[in-house]
Amino acid sequence: ELTPEQSLRANDRDSLYVISSFANKFFQEQLWETKEGKSVGLSYYKERGFLEETIKKFQLGYSPKQKDLLSKAAIKSSFQLNYLEDSGLSIVKNDSALDRFRERMIFPIHSFSGRILGFGGRALQKDNKAKYVNSPESLIYLKSKILYGIYFAKQHISKLNNCYIVEGYTDVI
């Protein structure tokens with residue numbers, strides 16, 4: 001039986017998985033179903049040589065330019081502000097949430113079992129302060145414990161008894 005503290009921590013962890021899954025779906029919808037996503041996001045992936053099948057397999061997405069679109073959508077869907085902040089999806093100041101990944105290409109980070117743990121976001125603007133922004137560590141995302149793409153590669157690694165480690169998201173894909 002779990003202690004009250006363990007139960008609370010398990011609930012918080014489950015909430016972070018749920019909100020990360022919501023965000024992953026949101027980023028994919030922005031890529032495939034919006035004018036901005038298609039013209040900016042999809043064209044970027046295609047310029048990089050990614051086939052639509054690959055984009056869908058890796059669940060790649062796009063975060064729009066609007067500074068709080070994901071945060072507003074999550075709150076409208078009854079997600080609590082503290083989970084947006086704890087997951088690293090939003091930066092909260094004065095009870096107002098701004099999207100961490102706005103105007104970025106989105107690379108979801110999967111667990112070994114395929115659950116969404118966090119995200120990597122690549123800026124498209126050359127004058128952007130940071131080329132990449134990643135989810136901060138959380139109850140579900142421990143950077144030193146996960147390799148990007150391991151969920152998709154684990155069967156091949158096992159079958160071939162061989163694994164190549166590369167640096168970037170697009171290198172893995």
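**Close-ups of a predicted model**

L89 is buried, with a relative accessible area of 2% (buried is under 20%, exposed over 50%, partly exposed in between, using a 1.4 Å probe and protein chains only). This is a predicted model, so local features need pLDDT of at least 70 and side-chain atom pairs count only at pLDDT 80 or more, while totals for chains, interfaces and linings use all residues. Residues are numbered from 1 along each chain as its sequence is written, and side-chain values use heavy atoms, with hydrogens and water left out.

**View 1. L89 and the residues around it.** L89 sits in the loop between α5 (81-87) and β2 (90-93); helices (H or I, at least four residues) and strands (E, at least two) are DSSP runs, numbered from the N terminus. Skip its neighbours within four places in sequence, and L89 still touches I19, A23, F27, L70, L84, L98, D99, R100, F101 and F119 (contact means heavy atoms within 4.5 Å). As for R115, it is 26 residues from L89 in sequence and 16 Å away in space, C-alpha to C-alpha.

**View 2. Helix α1 meets helix α2.** Here α1 (residues 4-33) and α2 (residues 35-47) pack at about 95°, their axes 6 Å apart. Axes are lines fitted to C-alpha atoms, for helices over the stretch in contact, and angles run from 0 to 180 degrees between N-to-C directions. That makes α1 and α2 roughly perpendicular to each other (65 to 115 degrees; under 35 is roughly parallel, over 145 roughly antiparallel, the rest oblique). On the α1 side, Q30, L31, W32 and E33 make the contact, and α2 brings K35, G37, K38, G41, L42 and Y45.

**View 3. S78 and its positive phi.** S78 is in the loop between α4 (69-76) and α5. Its phi is near 75°, a positive value in a residue other than glycine. Most residues other than glycine have a negative phi. At 64% relative accessibility, S78 counts as exposed.

**View 4. N94, with a positive phi too.** Look for N94 in the loop between β2 and β3 (96-99). N94 isn't a glycine, yet its phi is positive, at about 55°. With a relative accessible area of 78%, N94 is exposed.

**View 5. Stepping back to the protein.** Seven helices and six strands make up the secondary structure, running α-α-α-β-α-α-β-β-β-β-β-α-α from the N terminus on. The C-alpha trace spans about 50 × 40 × 30 Å along its principal axes. Buried residues account for 39% of the 173 residues.
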